[in-house]
Amino acid sequence: MSAAGILDTIAKVRADVCNLHAELTRYQLVVWTAGNVSARVPGEDLMVIKPSGLSYAGLAPELMVVTDLYGAPVAGNAGAEWGNPALSPSSDTAAHAYVYRHMPEVGGVVHTHSTYATAWAARGEAIPCVLTMMGDEFGGSIPVGPFALIGDDSIGQGIVETLRGSRSPAVLMQNHGPFTIGKDATSAVKAAVMCEEVARTVHISRQLGEPVSIDQGHIDSLYARYQNVYGQ
């Protein structure tokens with residue numbers, strides 16, 4: 001890709017990532033400056049992510065930070081155009097970067113501290129597949145990933161280890177919160193919205209009694225139909 005083409009692609013990704021953060025606030029998945037959306041730059045070993053500590057109301061495409069797939073902000077000859085070296089990327093950047101390095105099919109990653117999904121994460125408990133919506137979207141239960149501290153790629157390792165053995169695009173990192181993945185950033189945001197929705201519904205269901213489980217064969221059928229037939 002030419003230099004001009006790369007710049008155009010990065011500009012589009014930065015605009016998309018910026019706009020998708022508005023969906024996190026729209027669906028009340030984040031508070032203050034917590035949470036983040038990232039996206040892989042197609043055809044390049046680069047990603048775009050929210051800067052650390054900036055309010056959602058103050059976000060703009062040109063403030064989105066471009067990093068390599070190890071989380072280092074882009075610098076050098078094109079650094080001022082591709083990234084924004086004056087801004088630090090999200091504190092979760094190492095986790096996002098690890099996912100992109102080890103799951104090449106992933107084009108977007110989202111992290112929130114949405115209330116109900118994070119409550120399940122605080123219990124270290126998977127969300128059981130007791131809704132047809134979960135069969136459709138997640139292909140089964142939403143799994144729990146291991147406890148890990150922020151600061152290196154330990155969280156990313158936990159995400160990859162957990163989701164490689166699951167059809168779910170969401171994982172509840174123990175004592176932390178949900179991370180979601182998708183073929184692109186929009187898909188990852190959708191997964192975050194749906195994760196919170198089912199976390200809330202299953203929680204309410206358990207207040208009324210024990211939810212009724214769904215047969216694995218039915219879950220498989222729901223997932224196959226939704227992924228391959230549903231929609232336009």
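A residue is termed buried under 20% relative accessible area, exposed over 50% and partly exposed in between, with a 1.4 Å probe and protein chains only. By this criterion C195 is buried, its relative accessible area being 1%. The model is predicted, so that local features need pLDDT of at least 70 and side-chain atom pairs count only at pLDDT 80 or more, whereas totals for chains, interfaces and linings use all residues. Residues are numbered from 1 along each chain as its sequence is written, and side-chain values use heavy atoms, with hydrogens and water left out.

Helices (H or I, at least four residues) and strands (E, at least two) are DSSP runs numbered from the N terminus; two strands are paired if DSSP finds at least two bridges between them. Seven strands form an open sheet of mixed pairing in the order 3-2-1-4-7-6-5. Strand 3 (65-68) and strand 5 (144-145) are the edge strands, and because each has a single partner strand, one side of each is left without a neighbour in the sheet. Strand 3 runs antiparallel to strand 2 (residues 46-49), to which four bridges join it; L46 stands opposite D68 of strand 3. Strand 5 pairs with strand 6 in the parallel sense over two bridges, and M173 in strand 6 is the bridge partner of G145.

In a regular strand, side chains alternate between the two faces of the sheet. In strand 6, A170 and L172 point one way and V171 and M173 the other way, and all are buried.

Contacts are heavy atoms within 4.5 Å. Axes are lines fitted to C-alpha atoms, for helices over the stretch in contact, and angles run from 0 to 180 degrees between N-to-C directions. Helix 6 (residues 154-163) lies across strand 5, strand 6 (170-173) and strand 7 (177-182), at about 130° to strand 6. Helix 7 (residues 185-208) lies across strand 1 (36-40), strand 4 (108-111), strand 6 and strand 7, at about 145° to strand 7.

Helix 1 (residues 3-26) packs with helix 7 at an angle of about 5°, the axes being 10 Å apart. Helix 1 is therefore roughly parallel to helix 7 (angles under 35 degrees; over 145 is roughly antiparallel, 65 to 115 roughly perpendicular and the rest oblique). In this contact L20, E23 and L24 of helix 1 meet A185, T186 and V189 of helix 7.

The structure holds zero disulfides (cysteine sulfur atoms within 2.5 Å). For C129, the nearest cysteine sulfur, that of C195, is 13 Å away. C129 counts as buried, at 7% relative accessibility.
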